[in-house]
Amino acid sequence: MRTLFLKCDGHVIGMMLVFLVAMMISHPLYAQTGNDNPGEPKLDPFEFEVPSNAQSEELKGRKAVLENNVFPQVKLGDKFMQQRDFQSAFKAYERAAGILAKSNLGSGPYVVSVQGRISGRMEEARKQWGLSIFNNAKKVYLAALVAKKHEDAMEGFKTAEKLALSSLPAYYAGKTEKELAPSVVGPLTKSNPAFHDNVQAFVMDCNKMSAAYDFKNETSLDAVDPDYKRRTEEVALLLKQGETYYNTKQYEKVRSNMEKILVQDPYNQKAMTLLNKTYKKLYLIGMARGDNDAIERMAEVEWKWNQPILPADSISTETSPREMSGTRAALYDKLQKIIVDKVEYESSDIQSILEHLSKISKQQDPEKIGVSIIPPSSVELRTRKIQYLELEQMPLLDIIKYVCEIAGLKYKIDDKAVLVGVKTAGDMELAFFAIRKSLIQRIAVEGEAPVGKEEKKTGKLSEATERFADKNLLEEGKDERKTPELTQDMLKNYFTPMGITFEEGSAISYDSKTGKLIVKNTPENLRKMETLLKEIDIPPPLVLVEAKILEVSMNTLEELGFDWALTYTNTDTNHTVTFAGLDSSTFYRSKGENYIVSGLKVIPNFGNENQFDLSLSIRAIDQKDRSEMLGAPRLLVASGYTARLEIAEERYFPDSWTDPEVEIVNGTSYTYTPPTPEFGDSTPVGTIFTVTPTVGSNNYTIVLNIESDITRMTGWSNYDYSIIIGGLMTSLADRSTTNLQPKMKMPEFSKRYIKSTVKIYDGETVVIGGILEDIASRRDDKWPLLGSIPLVGRLFTDGSSASVKTNLLIFVTARLMKGNGLPVREARKQGLFEFGNR
């Protein structure tokens, strides 16, 4: 029988094992037929009655020995044989034989026959004993084949092998394995080697199956990949979460989960399908976002093209404009900060409600002062009732708004109290707000205001310099920045998104002389304006601009060529003629020093008089070089001002050349004046970096106006020409000429200029540039006919390729800085989801 070892999965191996069991059951080694069946022991007939003739002749006086000692043991052995207790049967027969041998009953025919029958029973019991052990080993073997656990199968094979080996002493000697050494069993098997061979074959099968199960266990999925189960469970969990996220439109989380799955299982079809669907959803979201941005930009353009409408004069009862004080804004803030847990009113009048709110404000106020709420002076208004009102977790100001709205009353926040029932509908107040010039600059940048007249100074520090912690940052004197002209629409467009509404009759303007914002609006909007200006009209920090200007040049040159030269020397005149290819100084070939073999005489001195020489030169080069020019300017500049860093050489180059002059003197001679260069202003050769940062109103975005000028001198261009002067008129025979060559040259410059305006966040980096210059050239020369010969023709060709690549990149990082030199905020975390914060 042959055992096959295959590396398969568990199902295939299980089917193979079942097939092997069926084969083994049908194999003669495992079949129970003939004498090997312990259920049908073959015993010779035994007469337990002593014949009369034997009594008279041989066993007179010994009948009691046979009937009382020998025959009972034989009967006991037969009983054990019927019960299939072959070991006990053999022991009984062995005791009977021992009693018969020790009784000295002689060697008569009857005694000899009794001894023979007992020996036959002993042999049968011994074989049946061994076969029963061997059959038990087979059962254990078959049970091990169908065992589910690897440990149970291996234990079964070992037990079966041990039982099979223990059947040999019982079969051949009627002894147990402990009673008989294996060395003694060997000679006994020669008389009947068939059973011994079956046992040995069975032991070999046990060993083979043990090895097969070990191989199966070692090559199982759990052994090869112990982390497979955990990884499969994690992938299933992530996939389930991803499906849930997809159904709830949390596409960024879906993408994260699917990418985690593909890291562990790159070929997971479900993950790839769901990720593909997610990317399509994200694409649609991005397209919708782009459409919304386009609509927003178009609306903004349409709005800005509208002609501004000047505010109309209106009659106001206000006698004179007033400056906004801080007490009213403080009371407004207190009303916003006091949060009422819950109020519930049912059929309550206005006066009782306002008294209750005033009491609650005192309880919720950390200062225990509260807010004074004055009810209407009219009895009719005070007794107005609210049928039902229930509010939870709301600011006190909002509760007062709802109460007044339901009761049909107006309210007014004064400096020290809230007045309810006052006539404020349609009233407008005029207020002045002193603001810094930096805020005006930000409004102008975002609104693209035109630049007006220059502002003059009186010798003191301007409002723009007051916003910096270091007052000595800028020198006293004339402020070179120009004051922008802000229109009413620009101011309204700036403050409207921040919650300030401008109803009919309201107006806003800026007085550049006094540096104040003039606002005409309702008292509530004026309070909002005052609070808003405290938030946004703050000293903007300095801007630290770090730039890295990187210019990378990469040059490559590859060349392989063969130059043949045939030299002929005239032996009479010693004149030499050379037949060769192009000279190495040709503009599209590399220099002559690139020869690795120069002038090798392949066939020297041949011909009739040895006047010919054939020589070979081999040109080969593989050259690569890389150069980097890095400039890293670092500038600290105030918002709205221009910083300029110049790292250059001031060199003078000719702008033009004078014309050469030739003057004939008396028709016999001439004078020559060569051209001379004319110089103008100096030319900076190097790097010039200019930046103008403007901090946005949110104190987070920075608009950078960047200019970068990189100038390099690459060489000179010659503009030589010839002036031919013929023979002089003094002699007609004079045919001589004079060739004058004026020398003129102009410089050649490589100039890379970038001008851009970008808007970035604090701490972000923007890459500007990508100015790539790529010059590639290729040359293939070959001798006619010879260069076209296969294989050999390569010796008559000359080829080269060269490329020159130059790339300019500018990395600009802007950071908002405090006056003490520390950054305003930490670096922004990268990797946020693209559409998550929309």
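There are 17 salt bridges in this structure, which is a predicted model. Here is a walk through some of them, followed by a few residues worth a look in the viewer.

## Salt bridges

A bit of background first: side chains of opposite charge can pair when their charged atoms come close.

| Pair | N to O distance |
|---|---|
| Asp227 and Arg230 | 2.4 Å |
| Glu646 and Arg644 | 3.3 Å |
| Lys342 and Glu390 | 3.5 Å |

Take the pair of Lys342 and Glu390, whose side chains meet in a salt bridge. Lys342 sits in strand E2 (residues 339–349) and Glu390 in strand E4 (residues 385–395), so this bridge ties together parts that are 48 residues apart in sequence. Lys342 has a relative accessibility of 45%, so it falls in the partly exposed class. Glu390 is partly exposed as well, at 35%.

For the salt bridge between Glu646 and Arg644, the two ends land in separate classes. Glu646 is partly exposed at 34%, whereas Arg644 counts as exposed at 54%.

Moving on from charges, Trp783, Leu786, Ile789, Leu791, Val792 and Leu795 make a nonpolar surface patch of about 550 Å². Leu791, one of its members, belongs to the loop between strand E27 (765–782) and strand E28 (797–817). Is Leu791 buried or exposed? With 83% relative accessibility, Leu791 counts as exposed.

Ser166 is part of helix H6 (residues 150–173). Its relative accessibility is 13%, and since buried means under 20%, Ser166 is classed as buried. The Ser166 side chain reaches the backbone oxygen of Leu163 at a distance of 2.6 Å. Setting aside residues up to four places away in sequence, Ser166 touches Ile133 and Glu177.

Asp365 is placed in a loop, the one between helix H14 (350–364) and strand E3 (372–374). What does its side chain pair up with? A polar atom of the Asp365 side chain lies 2.9 Å from the backbone nitrogen of Gly370. Gly370 also turns up among the contacts of Asp365, next to Lys334 and Ile338, once neighbours within four places in sequence are left out. Asp365 is buried, at 4% relative accessibility.

## Cysteines

How many disulfides does a search of the whole structure find? The count is zero.

## Pairs separated along the chain

Lys216 is in helix H8 (residues 193–218) and is partly exposed, with a relative accessible area of 31%.

The C-alpha atoms of Tyr721 and Leu740, 19 residues apart along the chain, are separated by 8.3 Å. Leu740 is also one of the residues that Tyr721 touches; the others are Pro660, Gln741, Pro742 and Met744, not counting residues up to four places away in sequence.

Key
Residues numbered from 1 in each chain as written. Predicted model: local features only at pLDDT ≥ 70, side-chain atom pairs only at ≥ 80, totals over all residues. Heavy atoms only, no water. Helix = DSSP H or I, 4+ residues; strand = E, 2+ residues; numbered from the N terminus. Buried < 20%, exposed > 50% of the residue type's maximum accessible area, 1.4 Å probe, protein only. Polar contact = N/O pair within 3.5 Å; in protein donor to acceptor, adjacent residues only side chain to side chain. Contact = heavy atoms within 4.5 Å. Salt bridge = Lys/Arg side-chain N within 4 Å of Asp/Glu carboxyl O. Patch = residues over 30% accessible without salt bridge, like charges linked within 9 Å, V, L, I, M, F, W, Y side chains within 5 Å. Areas by Shrake-Rupley, 256 points an atom, 1.4 Å probe, with all protein chains shown as cover. Disulfide = S-S within 2.5 Å.
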